[in-house]
Amino acid sequence: MPEVANVMDRLVSLAKRRGFVFQSSEIYGGLGSVWDYGPLGVELKKNIKERWWRSMVHERDDIEGLDAAILMHPKVWEASGHLAGFTDPLVDCRQCKNRFRSDDPRIKGSPGQPDAQCPVCGSKGTLTAPRMFNLMFKTFMGPVEDAAAVVYLRPETAQGIYVNYVNVLQSSRQKIPFGIAQVGKAFRNEITPGNFTFRTREFEQMEMQFFVKPGTDQEWFEFWREERMKWLLGLGIRSERLRFHRHTPEELAHYAKDAYDIQYEFPFGWQEFEGIHNRTNFDLSRHQEASGKKLEYLDPATTERFIPYVVETSAGADRTALVVMVDAYHEEEVGGEKRVVLRFHPAIAPLKAAVFPLVNKDGMPELSRRIFDDLRKRHNVFYDDGGSIGRRYRRQDEAGTPFGITIDGQSTQDGTVTVRERDTLRQVRVAADGLAGYLAERLRG
Ligand code: ATP
């Protein structure tokens, strides 16, 4: 598998070199499976989150937005089942003291048995039998660090939505069916993290919980399954690298009646990056019982009372950004030279265009600066006057910038500029005054 490792290695190295993703606290040797987004990465992730928000909240009448706090009452996690059930089976090596998930594919044999072999130190028979380990991060609230002060960093954003469901329903005057969308951080003390930003301990989720009348849940489940796939295709992700995986009864989470993962074919195999779950009335019933507060819905048309069923779409912003980066990454030969290009959909590309004066004289810098200042009012654009034009193009190819605008001698005469398209390498002359419209048309969608 050396080729596989190489593609990911090259992407990780590009991500660092060009300022997409850095290791957290790198100057101290890094913090395990925690990553920081650099100048280009933060734009990419922000664009993905905004596009999601627009499609969920702004473009629909039946979904409201929410931003709940990360810290919640500890009873939330008791009621949701996370305290008892959000666990992974782990094994320890008594020899080298490393800890693994018991299903770690690198382990040979059955942990706890004499034949099992530690994947790190290679000792045989030193792996303990699996024990359950809770994935929630704990901390203390207030000055006293005792059991009564324990709070958790949320392992999913969904619970913030459930406990606010009545608040949102009443304040927004929505009627069922309706949804609540939220983007925010979640934390999981993952034991075998890895594959760059695929599995991290701190990450962002984009979750939408859709509250429906029991009996209509399967219909809505199908609806949201299709909608989410359409949205991902609209991001320009290659369809042959996307597929659904339906959970088997063994895979279903404690709260779910039905669930589909959306998987992407990464260089390290098919892996989930989004899930659509029919969570039934599990969470709301549990919160009603534990809090003693009524979370029923009174249907104004039929005067029926019921606890709504919930269809959830749960995506990782970081994993989606990783999918987008992997999918966009291309190495190709152009005129006998190798070029690395990130073919981002223009709507989510971190930089929309770069402005290049061909040379730094003869009025070209002045005109370039004017064009740049005009464009930057609308779009995130970049000004680059350093090095040969070929090198400047390459730099923007690596950043995934869809358009390169070159101002040359002719520009100062007739007011036209050259626009180079990243993917086709086609160059067209466009009137500088028409540039804003030219870009707006191509950046839409
Ligand atoms: P996995 O099986 O990979 O641990 P999961 O089934 O526990 O994921 P969910 O609880 O359904 O995942 O979370 C929804 C989404 O949140 C995932 O599809 C993924 O995009 C994201 N996510 C979950 N855990 C992580 C993580 N440790 N790092 C980055 N993203 C994550």
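Residues are numbered from 1 along each chain as its sequence is written. In this predicted model, local features need pLDDT of at least 70, side-chain atom pairs count only at pLDDT 80 or more, and totals for chains, interfaces and linings use all residues, while side-chain values use heavy atoms, with hydrogens and water left out.

Reader: What volume does the largest pocket have?
Author: On a 1 Å grid over the protein atoms alone, a pocket is an open set of points where a 1.4 Å probe fits, with protein on both sides within 12 Å along at least five of seven lines. Points are joined across faces, edges and corners, and the volume is the space filled by probe spheres set on them. For the largest pocket that comes to about 1400 Å³.

Reader: Which element gives the largest share of the lining of the largest pocket?
Author: Lining residues have an atom within 4 Å of a point, and 46 residues line this pocket, Phe 86 and His 247 being among those nearest its centre. Strands are DSSP runs (E, at least two residues), numbered from the N terminus. With 8 residues, the largest share comes from β13.

Reader: And the second largest pocket, what's its volume?
Author: Its lining has 15 residues, with Val 76 and Lys 293 among the closest to the centre. The volume is about 350 Å³.

Reader: In β18, which residue is the bridge partner of Glu 332?
Author: Strands pair if DSSP finds at least two bridges between them. β17 and β18 run antiparallel, joined by 6 bridges. The partner of Glu 332 is Arg 339.

Key:
Helices (H or I, at least four residues) and strands (E, at least two) are DSSP runs, numbered from the N terminus.
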